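Please read the following walk through one chain with its sequence and its model at hand.

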Amino acid sequence: MMTINQDLFERAQRHIPGGVNSPVRAFRSVGGTPCFFERASGARVWDADGREFIDYVGSWGPMIVGHTHPDVVQAVCEAAAKGLSFGAPTAREVEMADLLTTLIPSMDMVRLTSSGTEATMSAIRLARGFTGRSKIIKFEGCYHGHSDSLLVKAGSGALTFGQPSSAGVPPELAAHTLVLDYNQPQQLIDCFKQYGDQIAAVIVEPVVGNMNLIAPLPEFLQTMRDVCTQYGAVLIFDEVMTGFRVALGGAQALYGITPDLSTFGKVIGGGMPVGAFGGRGDIMAHLAPLGAVYQAGTLSGNPVAVAAGLATLKLIQAPGFHQRLGEVTGKFVHGLTDVAAKHGVAFSAQHVGGMFGLYFRNQVPQNYAQVMECDVAAFNRFFHGMLDAGVYFAPSAFEAGFVSAAHGDAEIAATLEKAEQVFANW
Ligand code: PMP
(Lines give C-alpha, C1' and ligand atoms only; values in the text may rest on other atoms or scores of the structure.)
Protein backbone atom coordinates (compact mmCIF):
# COMPACT_ATOMS: atom_id res chain seq x y z
CA MET A 1 0.00 0.00 0.00
CA MET A 2 1.12 3.52 -0.76
CA THR A 3 2.02 5.82 2.08
CA ILE A 4 0.55 9.33 2.11
CA ASN A 5 4.02 10.70 1.28
CA GLN A 6 4.25 8.42 -1.74
CA ASP A 7 0.78 9.38 -2.90
CA LEU A 8 1.54 13.09 -2.50
CA PHE A 9 4.85 12.70 -4.33
CA GLU A 10 3.17 10.95 -7.22
CA ARG A 11 0.55 13.68 -7.49
CA ALA A 12 3.18 16.39 -7.07
CA GLN A 13 5.17 15.10 -10.03
CA ARG A 14 2.20 15.55 -12.35
CA HIS A 15 2.20 19.32 -12.15
CA ILE A 16 5.43 20.36 -10.42
CA PRO A 17 8.75 19.58 -12.16
CA GLY A 18 10.29 16.76 -10.15
CA GLY A 19 7.47 17.15 -7.65
CA VAL A 20 9.25 19.91 -5.75
CA ASN A 21 9.69 23.68 -5.75
CA SER A 22 13.43 23.51 -5.02
CA PRO A 23 15.54 20.61 -6.39
CA VAL A 24 17.29 19.17 -3.31
CA ARG A 25 13.91 18.47 -1.69
CA ALA A 26 13.27 15.70 -4.24
CA PHE A 27 15.63 13.18 -2.50
CA ARG A 28 17.28 12.58 -5.89
CA SER A 29 20.74 11.99 -4.44
CA VAL A 30 19.65 9.83 -1.49
CA GLY A 31 16.80 8.06 -3.27
CA GLY A 32 13.36 7.31 -1.87
CA THR A 33 10.31 9.43 -1.27
CA PRO A 34 10.57 12.95 0.14
CA CYS A 35 8.79 13.68 3.41
CA PHE A 36 5.88 16.06 2.96
CA PHE A 37 5.83 17.98 6.21
CA GLU A 38 2.66 18.92 7.98
CA ARG A 39 3.73 20.64 11.15
CA ALA A 40 6.69 21.41 13.37
CA SER A 41 7.44 22.41 16.93
CA GLY A 42 10.79 23.17 18.58
CA ALA A 43 13.38 20.67 17.31
CA ARG A 44 10.78 18.35 15.77
CA VAL A 45 8.85 17.99 12.52
CA TRP A 46 5.97 15.66 11.56
CA ASP A 47 5.28 14.39 8.07
CA ALA A 48 2.06 13.55 6.26
CA ASP A 49 2.25 9.92 7.44
CA GLY A 50 2.36 11.13 11.04
CA ARG A 51 6.02 10.21 11.52
CA GLU A 52 7.97 12.37 13.99
CA PHE A 53 11.56 13.43 13.33
CA ILE A 54 14.26 15.33 15.19
CA ASP A 55 15.09 17.97 12.60
CA TYR A 56 18.67 18.93 11.67
CA VAL A 57 17.69 20.92 8.57
CA GLY A 58 15.66 23.70 10.17
CA SER A 59 14.38 24.85 6.77
CA TRP A 60 18.06 25.01 5.69
CA GLY A 61 19.00 27.44 8.45
CA PRO A 62 16.27 29.94 9.26
CA MET A 63 14.72 28.09 12.22
CA ILE A 64 17.48 28.98 14.67
CA VAL A 65 15.12 29.47 17.64
CA GLY A 66 13.30 26.23 16.84
CA HIS A 67 10.07 25.74 14.92
CA THR A 68 6.90 27.69 15.75
CA HIS A 69 8.48 29.64 18.59
CA PRO A 70 5.50 31.32 20.31
CA ASP A 71 7.05 34.81 20.12
CA VAL A 72 7.62 34.49 16.37
CA VAL A 73 4.18 33.04 15.68
CA GLN A 74 2.56 35.80 17.73
CA ALA A 75 4.50 38.51 15.88
CA VAL A 76 3.44 37.04 12.55
CA CYS A 77 -0.24 36.80 13.55
CA GLU A 78 -0.29 40.35 14.87
CA ALA A 79 1.37 41.73 11.74
CA ALA A 80 -0.89 39.70 9.43
CA ALA A 81 -4.02 41.05 11.12
CA LYS A 82 -2.89 44.58 10.30
CA GLY A 83 -2.13 44.03 6.61
CA LEU A 84 -0.32 41.45 4.53
CA SER A 85 1.43 43.87 2.19
CA PHE A 86 1.34 47.56 1.37
CA GLY A 87 4.02 48.05 -1.27
CA ALA A 88 4.94 51.16 0.73
CA PRO A 89 7.36 51.75 3.58
CA THR A 90 6.54 50.65 7.14
CA ALA A 91 8.03 51.45 10.56
CA ARG A 92 9.08 47.82 11.01
CA GLU A 93 11.50 48.07 8.07
CA VAL A 94 13.17 51.05 9.72
CA GLU A 95 13.48 49.05 12.93
CA MET A 96 14.96 46.15 10.96
CA ALA A 97 17.50 48.38 9.18
CA ASP A 98 18.52 49.99 12.49
CA LEU A 99 18.96 46.59 14.11
CA LEU A 100 20.87 45.01 11.20
CA THR A 101 23.30 47.91 10.92
CA THR A 102 23.85 47.82 14.70
CA LEU A 103 24.51 44.08 14.83
CA ILE A 104 26.67 44.14 11.68
CA PRO A 105 28.96 47.17 12.06
CA SER A 106 30.37 46.82 8.50
CA MET A 107 26.92 47.83 7.20
CA ASP A 108 26.14 51.54 7.08
CA MET A 109 23.06 50.88 4.99
CA VAL A 110 20.99 47.87 4.12
CA ARG A 111 18.21 46.99 1.70
CA LEU A 112 15.72 44.15 2.14
CA THR A 113 14.82 41.60 -0.53
CA SER A 114 12.63 38.49 -0.45
CA SER A 115 15.33 35.83 -0.88
CA GLY A 116 19.03 35.20 -0.56
CA THR A 117 19.28 34.84 -4.34
CA GLU A 118 18.00 38.37 -4.83
CA ALA A 119 20.39 39.67 -2.18
CA THR A 120 23.52 38.20 -3.79
CA MET A 121 22.39 39.02 -7.34
CA SER A 122 21.80 42.62 -6.32
CA ALA A 123 25.09 42.87 -4.43
CA ILE A 124 26.93 41.71 -7.58
CA ARG A 125 25.12 44.27 -9.75
CA LEU A 126 25.87 46.98 -7.21
CA ALA A 127 29.56 46.05 -7.10
CA ARG A 128 29.71 46.16 -10.90
CA GLY A 129 27.89 49.48 -11.02
CA PHE A 130 30.08 50.95 -8.31
CA THR A 131 33.42 49.87 -9.82
CA GLY A 132 32.47 50.08 -13.51
CA ARG A 133 34.09 46.63 -13.91
CA SER A 134 32.51 43.36 -15.11
CA LYS A 135 34.47 40.40 -13.76
CA ILE A 136 33.73 38.70 -10.46
CA ILE A 137 35.52 35.98 -8.55
CA LYS A 138 33.71 33.12 -6.85
CA PHE A 139 34.98 29.85 -5.40
CA GLU A 140 34.21 26.35 -6.57
CA GLY A 141 31.63 24.68 -4.35
CA CYS A 142 30.23 27.94 -2.98
CA TYR A 143 26.55 28.55 -3.75
CA HIS A 144 25.18 32.05 -3.83
CA GLY A 145 21.67 31.50 -5.15
CA HIS A 146 20.61 30.85 -8.70
CA SER A 147 21.27 34.10 -10.58
CA ASP A 148 23.08 33.74 -13.92
CA SER A 149 26.46 35.20 -12.94
CA LEU A 150 26.67 32.93 -9.91
CA LEU A 151 25.61 29.60 -11.43
CA VAL A 152 29.11 29.10 -12.69
CA LYS A 153 31.65 26.37 -12.00
CA ALA A 154 35.38 26.20 -12.51
CA GLY A 155 36.79 25.70 -15.96
CA SER A 156 39.59 23.19 -16.41
CA GLY A 157 42.12 24.20 -13.78
CA ALA A 158 42.48 27.32 -11.70
CA LEU A 159 42.62 30.74 -13.29
CA THR A 160 40.39 29.83 -16.18
CA PHE A 161 37.13 31.57 -16.94
CA GLY A 162 34.04 29.98 -15.51
CA GLN A 163 31.63 27.74 -17.34
CA PRO A 164 27.86 27.70 -16.75
CA SER A 165 26.80 25.11 -14.18
CA SER A 166 23.23 25.27 -15.49
CA ALA A 167 21.76 25.13 -18.94
CA GLY A 168 20.31 28.50 -19.85
CA VAL A 169 23.22 30.58 -18.53
CA PRO A 170 24.89 32.29 -21.51
CA PRO A 171 28.58 31.29 -21.72
CA GLU A 172 29.37 34.94 -22.52
CA LEU A 173 28.02 35.89 -19.11
CA ALA A 174 29.66 33.00 -17.27
CA ALA A 175 32.96 34.09 -18.81
CA HIS A 176 32.85 37.18 -16.56
CA THR A 177 32.93 34.91 -13.51
CA LEU A 178 36.37 33.63 -12.51
CA VAL A 179 36.22 30.49 -10.38
CA LEU A 180 39.03 29.74 -7.93
CA ASP A 181 39.63 27.04 -5.31
CA TYR A 182 38.46 27.74 -1.77
CA ASN A 183 41.18 28.09 0.88
CA GLN A 184 43.92 28.80 -1.69
CA PRO A 185 45.15 32.36 -0.97
CA GLN A 186 47.92 32.19 -3.57
CA GLN A 187 45.35 31.72 -6.36
CA LEU A 188 43.71 35.00 -5.32
CA ILE A 189 47.02 36.82 -5.44
CA ASP A 190 47.84 35.38 -8.88
CA CYS A 191 44.39 36.10 -10.24
CA PHE A 192 44.44 39.72 -9.10
CA LYS A 193 47.93 40.16 -10.58
CA GLN A 194 46.52 39.15 -13.94
CA TYR A 195 43.02 40.67 -13.92
CA GLY A 196 43.03 43.06 -10.94
CA ASP A 197 41.87 46.18 -12.80
CA GLN A 198 38.90 44.27 -14.30
CA ILE A 199 37.57 42.64 -11.12
CA ALA A 200 34.46 44.23 -9.63
CA ALA A 201 34.01 41.87 -6.71
CA VAL A 202 34.99 38.75 -4.85
CA ILE A 203 32.01 36.88 -3.42
CA VAL A 204 32.54 34.17 -0.82
CA GLU A 205 30.75 32.09 1.76
CA PRO A 206 33.01 32.96 4.72
CA VAL A 207 32.14 29.52 6.11
CA VAL A 208 30.91 27.31 3.29
CA GLY A 209 27.65 25.46 3.87
CA ASN A 210 26.87 24.44 0.33
CA MET A 211 29.49 21.77 -0.30
CA ASN A 212 28.84 20.27 3.10
CA LEU A 213 30.63 22.49 5.66
CA ILE A 214 34.08 23.88 4.88
CA ALA A 215 35.75 26.18 7.40
CA PRO A 216 37.98 28.98 6.08
CA LEU A 217 41.69 29.09 6.74
CA PRO A 218 42.22 32.49 8.43
CA GLU A 219 44.88 33.52 5.87
CA PHE A 220 42.43 32.83 3.06
CA LEU A 221 39.91 35.44 4.22
CA GLN A 222 42.67 37.90 5.17
CA THR A 223 44.32 37.61 1.74
CA MET A 224 40.94 38.18 0.12
CA ARG A 225 40.47 41.35 2.16
CA ASP A 226 43.97 42.55 1.32
CA VAL A 227 43.82 42.04 -2.45
CA CYS A 228 40.35 43.57 -2.72
CA THR A 229 41.59 46.67 -0.90
CA GLN A 230 44.75 46.82 -3.00
CA TYR A 231 42.94 46.57 -6.34
CA GLY A 232 39.73 48.44 -5.46
CA ALA A 233 37.46 45.41 -5.78
CA VAL A 234 34.39 44.98 -3.60
CA LEU A 235 34.60 42.17 -1.05
CA ILE A 236 31.18 40.54 -0.63
CA PHE A 237 30.63 38.16 2.28
CA ASP A 238 27.63 36.00 1.47
CA GLU A 239 26.31 35.44 4.98
CA VAL A 240 22.92 34.16 3.90
CA MET A 241 23.69 30.98 5.83
CA THR A 242 26.31 32.11 8.37
CA GLY A 243 24.69 35.42 9.29
CA PHE A 244 23.38 35.50 12.88
CA ARG A 245 24.15 31.77 13.08
CA VAL A 246 27.88 31.17 13.55
CA ALA A 247 27.93 34.23 15.82
CA LEU A 248 25.56 37.12 16.48
CA GLY A 249 27.72 39.28 14.20
CA GLY A 250 28.08 36.51 11.62
CA ALA A 251 31.29 35.05 10.21
CA GLN A 252 32.74 38.55 9.80
CA ALA A 253 32.65 38.96 13.59
CA LEU A 254 33.91 35.44 14.22
CA TYR A 255 36.96 35.80 11.94
CA GLY A 256 37.48 39.56 12.37
CA ILE A 257 37.36 40.44 8.67
CA THR A 258 35.39 43.46 7.44
CA PRO A 259 33.73 43.02 4.04
CA ASP A 260 32.55 45.91 1.87
CA LEU A 261 29.15 44.36 1.26
CA SER A 262 27.32 41.52 3.00
CA THR A 263 24.29 39.49 2.08
CA PHE A 264 21.82 37.88 4.45
CA GLY A 265 18.71 35.70 4.36
CA LYS A 266 17.43 32.68 6.27
CA VAL A 267 17.69 33.70 9.99
CA ILE A 268 16.71 37.34 9.36
CA GLY A 269 13.33 36.13 8.13
CA GLY A 270 12.82 33.54 10.87
CA GLY A 271 11.28 31.19 8.29
CA MET A 272 9.56 33.86 6.19
CA PRO A 273 10.97 35.13 2.88
CA VAL A 274 13.48 37.86 3.76
CA GLY A 275 16.90 38.61 2.33
CA ALA A 276 19.14 41.64 2.71
CA PHE A 277 22.25 43.18 1.28
CA GLY A 278 24.15 46.07 2.72
CA GLY A 279 27.52 47.56 3.49
CA ARG A 280 29.61 50.66 2.98
CA GLY A 281 27.54 53.82 2.65
CA ASP A 282 29.50 55.10 -0.36
CA ILE A 283 28.73 51.88 -2.24
CA MET A 284 25.09 51.61 -1.15
CA ALA A 285 24.52 55.22 -2.27
CA HIS A 286 24.79 53.94 -5.86
CA LEU A 287 21.44 52.13 -5.50
CA ALA A 288 18.26 53.58 -7.00
CA PRO A 289 16.62 55.93 -6.14
CA LEU A 290 19.88 57.57 -4.96
CA GLY A 291 22.06 56.19 -7.73
CA ALA A 292 22.14 54.48 -11.07
CA VAL A 293 22.06 50.80 -10.02
CA TYR A 294 18.50 49.51 -10.25
CA GLN A 295 17.03 47.01 -7.80
CA ALA A 296 13.47 46.64 -6.50
CA GLY A 297 10.78 44.27 -5.16
CA THR A 298 6.97 44.35 -4.84
CA LEU A 299 7.13 42.35 -1.62
CA SER A 300 10.52 43.61 -0.36
CA GLY A 301 10.28 44.46 3.33
CA ASN A 302 6.97 42.61 3.57
CA PRO A 303 5.40 43.47 6.95
CA VAL A 304 4.59 39.89 8.00
CA ALA A 305 8.00 38.56 6.95
CA VAL A 306 9.86 41.38 8.68
CA ALA A 307 7.82 40.82 11.85
CA ALA A 308 8.98 37.18 11.91
CA GLY A 309 12.55 38.29 11.35
CA LEU A 310 12.49 40.93 14.08
CA ALA A 311 11.00 38.49 16.60
CA THR A 312 13.71 35.95 15.75
CA LEU A 313 16.52 38.50 15.93
CA LYS A 314 15.23 39.61 19.34
CA LEU A 315 15.42 36.06 20.68
CA ILE A 316 18.94 35.39 19.43
CA GLN A 317 20.28 38.50 21.16
CA ALA A 318 19.69 36.86 24.55
CA PRO A 319 23.00 36.65 26.43
CA GLY A 320 24.80 33.37 25.79
CA PHE A 321 22.47 32.33 22.95
CA HIS A 322 25.20 31.56 20.41
CA GLN A 323 27.56 30.13 22.99
CA ARG A 324 24.95 27.58 24.04
CA LEU A 325 24.04 26.82 20.42
CA GLY A 326 27.71 26.17 19.65
CA GLU A 327 28.11 23.97 22.72
CA VAL A 328 25.10 21.81 21.88
CA THR A 329 26.25 21.50 18.26
CA GLY A 330 29.73 20.56 19.49
CA LYS A 331 28.32 17.84 21.76
CA PHE A 332 26.37 16.42 18.84
CA VAL A 333 29.30 16.44 16.43
CA HIS A 334 31.78 14.94 18.90
CA GLY A 335 29.26 12.36 20.06
CA LEU A 336 28.60 11.23 16.52
CA THR A 337 32.33 11.05 15.75
CA ASP A 338 32.84 8.83 18.82
CA VAL A 339 29.97 6.51 17.87
CA ALA A 340 31.30 6.14 14.31
CA ALA A 341 34.84 5.49 15.58
CA LYS A 342 33.57 2.82 17.98
CA HIS A 343 32.10 0.94 15.02
CA GLY A 344 35.08 1.50 12.74
CA VAL A 345 33.21 3.73 10.28
CA ALA A 346 35.34 6.11 8.19
CA PHE A 347 33.77 9.33 9.41
CA SER A 348 34.67 12.82 10.55
CA ALA A 349 32.66 15.89 11.54
CA GLN A 350 33.06 19.50 12.58
CA HIS A 351 30.94 22.50 13.46
CA VAL A 352 31.19 26.26 13.38
CA GLY A 353 28.72 27.57 15.94
CA GLY A 354 25.29 26.18 15.14
CA MET A 355 26.12 24.72 11.73
CA PHE A 356 27.84 21.39 11.18
CA GLY A 357 29.36 19.11 8.56
CA LEU A 358 29.30 15.29 8.57
CA TYR A 359 31.80 13.56 6.28
CA PHE A 360 32.07 9.90 5.38
CA ARG A 361 35.83 10.31 5.09
CA ASN A 362 38.56 9.90 7.71
CA GLN A 363 39.52 13.56 7.84
CA VAL A 364 37.62 16.82 7.81
CA PRO A 365 37.93 18.26 4.26
CA GLN A 366 39.27 21.74 3.52
CA ASN A 367 38.22 22.24 -0.07
CA TYR A 368 35.93 21.10 -2.86
CA ALA A 369 38.21 18.31 -4.15
CA GLN A 370 38.48 16.78 -0.67
CA VAL A 371 34.73 17.01 -0.09
CA MET A 372 34.21 15.15 -3.34
CA GLU A 373 36.18 12.23 -1.86
CA CYS A 374 33.43 11.59 0.71
CA ASP A 375 31.68 8.22 0.41
CA VAL A 376 28.28 9.19 -0.94
CA ALA A 377 26.88 5.65 -0.74
CA ALA A 378 27.79 5.53 2.96
CA PHE A 379 26.10 8.87 3.56
CA ASN A 380 22.96 7.68 1.80
CA ARG A 381 22.88 4.56 3.95
CA PHE A 382 23.32 6.67 7.09
CA PHE A 383 20.67 9.15 5.93
CA HIS A 384 18.03 6.46 5.39
CA GLY A 385 18.95 4.59 8.57
CA MET A 386 18.52 7.77 10.58
CA LEU A 387 15.35 8.77 8.73
CA ASP A 388 13.79 5.40 9.51
CA ALA A 389 14.81 5.89 13.15
CA GLY A 390 13.19 9.35 13.29
CA VAL A 391 16.01 11.79 12.55
CA TYR A 392 15.82 14.14 9.59
CA PHE A 393 19.12 15.23 8.03
CA ALA A 394 19.61 17.15 4.78
CA PRO A 395 18.94 14.70 1.93
CA SER A 396 22.37 15.14 0.35
CA ALA A 397 25.98 14.36 1.30
CA PHE A 398 26.96 17.89 0.28
CA GLU A 399 24.89 20.07 2.58
CA ALA A 400 25.63 21.50 6.01
CA GLY A 401 23.31 20.73 8.91
CA PHE A 402 21.74 23.03 11.48
CA VAL A 403 21.02 22.89 15.19
CA SER A 404 18.46 25.17 16.85
CA ALA A 405 18.06 26.55 20.35
CA ALA A 406 15.28 24.00 20.82
CA HIS A 407 17.81 21.16 20.53
CA GLY A 408 18.96 20.18 24.00
CA ASP A 409 20.67 17.28 25.73
CA ALA A 410 17.59 15.06 25.27
CA GLU A 411 17.50 15.53 21.48
CA ILE A 412 21.26 15.02 21.15
CA ALA A 413 21.20 11.87 23.32
CA ALA A 414 18.26 10.45 21.34
CA THR A 415 20.02 11.19 18.04
CA LEU A 416 23.26 9.54 19.19
CA GLU A 417 21.38 6.49 20.38
CA LYS A 418 19.80 6.10 16.96
CA ALA A 419 23.18 6.62 15.26
CA GLU A 420 24.59 3.88 17.50
CA GLN A 421 21.95 1.48 16.12
CA VAL A 422 22.63 2.52 12.53
CA PHE A 423 26.42 2.15 12.85
CA ALA A 424 26.08 -1.12 14.78
CA ASN A 425 24.43 -2.63 11.68
CA TRP A 426 26.88 -1.00 9.30
N1 PMP B 1 23.74 32.22 -0.45
C2 PMP B 1 23.96 31.18 0.36
C3 PMP B 1 25.25 31.09 1.08
C4 PMP B 1 22.98 30.21 0.52
O5 PMP B 1 23.22 29.17 1.34
C6 PMP B 1 21.76 30.34 -0.18
C7 PMP B 1 20.65 29.30 -0.04
N8 PMP B 1 20.94 28.12 0.50
C9 PMP B 1 21.58 31.44 -1.01
C10 PMP B 1 22.58 32.36 -1.12
C11 PMP B 1 20.30 31.63 -1.76
O12 PMP B 1 19.27 31.95 -0.89
P13 PMP B 1 17.75 31.66 -1.30
O14 PMP B 1 17.60 30.18 -1.37
O15 PMP B 1 16.97 32.29 -0.18
O16 PMP B 1 17.51 32.34 -2.59
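What radius of gyration would a compact globule with 426 residues have, and what does the chain have? A compact globule with 426 residues would have a radius of gyration near 22 Å, and the chain has 21 Å, which agrees. The radius is taken over C-alpha atoms, and the globule rule is 2.2 Å times the number of residues to the power 0.38. This is a predicted model, in which local features need pLDDT of at least 70 and side-chain atom pairs count only at pLDDT 80 or more, while totals for chains, interfaces and linings use all residues. Residues are numbered from 1 along each chain as its sequence is written.

Along the principal axes, the C-alpha atoms of the chain fill a box of roughly 60 × 55 × 50 Å. The secondary structure consists of 14 helices and 16 strands; helices (H or I, at least four residues) and strands (E, at least two) are DSSP runs, numbered from the N terminus. Of the 426 residues, 49% count as buried. A residue is buried if 20 or more other C-beta atoms lie within 10 Å of its own, exposed if 12 or fewer, and partly exposed in between, with C-beta atoms placed from the backbone. Among contacts between residues at least 6 apart in sequence, 71% join residues at least 24 apart. Two residues are in contact if their C-beta atoms, placed from the backbone, lie within 7 Å.

Helix 2 (residues 70-82) has 13 residues and reaches 19 Å from its first C-alpha to its last, close to the 18 Å expected at 1.5 Å a residue. The expected span of a helix is 1.5 Å times one less than its number of residues. Val 72, Ala 75, Val 76 and Ala 79 are the buried residues of helix 2. They cover an arc of only 100 degrees around the axis, so they lie on the same side of helix 2; the arc is that of the directions from the helix axis to the C-beta atoms. These buried residues pack against helix 10 (303-316). The face of helix 2 turned away from its buried side carries the exposed residues Pro 70, Gln 74, Cys 77, Glu 78 and Ala 81. Just after helix 2, Gly 83 takes a positive phi of about 140 degrees.

Next comes helix 7. Which residues of helix 7 are buried? They are Phe 220, Leu 221, Met 224, Val 227 and Cys 228. Because they cover an arc of only 130 degrees around the axis, they are on the same side of helix 7. They pack against helix 6 (185-195), strand 9 (199-204), strand 10 (234-238) and helix 8 (250-255). On the other side of helix 7, Pro 218, Glu 219, Thr 229 and Gln 230 are exposed.

Finally, Gln 13 is found in helix 1 (residues 4-15). Gln 13 counts as partly exposed because it has 13 C-beta neighbours inside 10 Å.
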